[in-house]
Amino acid sequence: MPHSHTHPSAHGGVIRHARGYEVLSALVFGGSRRRAYDALVRVSGAGPGDRVLDVGCGTGYLTRRTARAVGPAGSVTGIDPSTEMLSLARRLAPPTCTFTAAQDVPSLSRAATIEYGQPGIIRCSSLPRP
């Protein structure tokens, strides 16, 4: 008979201390966080008018930096499983950013054309408009 159980680590972890995460991130980057994240945005190829999906957005720092690149004609959606992280992300977000709980997102496999580029960068070139 097959043995069935779920190991707790199989589900990953959810960060619940958003402000602590922000402070720790600032310390770890030692003042270079903005420069490092802006470099990620450049490598992603996001530009004016693009619609971007940030999976695992946390407090939305990269989402907000990407919003600057896509400008007012574009939009950026951040997805994260932590309601605490999303709450802070929403408070800090410009109008071109939206945030959604990961558990509320239907499968993207039927909704987007996925292109894999640089490590850690996925372009969804045909996301439907909300």
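The protein chain has four helices and five strands; helices (H or I, at least four residues) and strands (E, at least two) are DSSP runs, numbered from the N terminus. This is a predicted model, where local features need pLDDT of at least 70, side-chain atom pairs count only at pLDDT 80 or more, and totals for chains, interfaces and linings use all residues. Residues are numbered from 1 along each chain as its sequence is written, and side-chain values use heavy atoms, with hydrogens and water left out.

Biologist: In what order do the elements of the protein chain run from the N terminus on?

Modeller: Let's walk along the chain. It holds four helices and five strands. Starting at the N terminus, the order is α-α-β-α-β-α-β-β-β.

Biologist: What percentage of the 130 residues in the protein chain is buried?

Modeller: We first need the cut-offs. Buried means under 20% relative accessible area, exposed over 50%, and partly exposed in between (1.4 Å probe, protein chains only). By that rule, the buried share of the 130 residues is 31%.

Biologist: How many of the residues of helix α3 are buried?

Modeller: Helix α3 spans residues 61-70 and is mostly covered. Its buried residues include Tyr 61, Arg 64 and Val 70. The cover includes α1 (18-29), α2 (33-44), β1 (51-55), β2 (75-80), α4 (83-92) and β3 (97-101). Out of 10 residues in α3, the buried ones come to seven.

Biologist: Which residue just after α3 takes a positive phi?

Modeller: Look just past the end of the helix. The phi there is about 70°, and the residue is Gly 71.

Biologist: Which residue forms a salt bridge with Asp 38?

Modeller: A salt bridge is a side-chain nitrogen of Lys or Arg within 4 Å of a carboxyl oxygen of Asp or Glu. The structure holds two of them. In the one with Asp 38, the closest N and O atoms are 2.8 Å apart, and the partner is Arg 65. That pair links distant parts of the chain, 27 residues apart: Asp 38 in helix α2 and, in helix α3, Arg 65.

Biologist: And how far apart are the closest N and O atoms of Glu 22 and Arg 33?

Modeller: These two form a salt bridge as well. The pair links distant parts of the chain, with Glu 22 in helix α1 and Arg 33 in helix α2, 11 residues apart. Glu 22 is buried at a relative accessible area of 15%, and Arg 33 is buried at 8%. The closest N and O atoms of the pair are apart by 3.1 Å.

Biologist: Which residues does Arg 33 touch, not counting those up to four places away in sequence?

Modeller: Arg 33 has its place in helix α2. Contact means heavy atoms within 4.5 Å. On that basis, Arg 33 touches Tyr 21, Glu 22, Ser 25, Thr 59 and Tyr 61.
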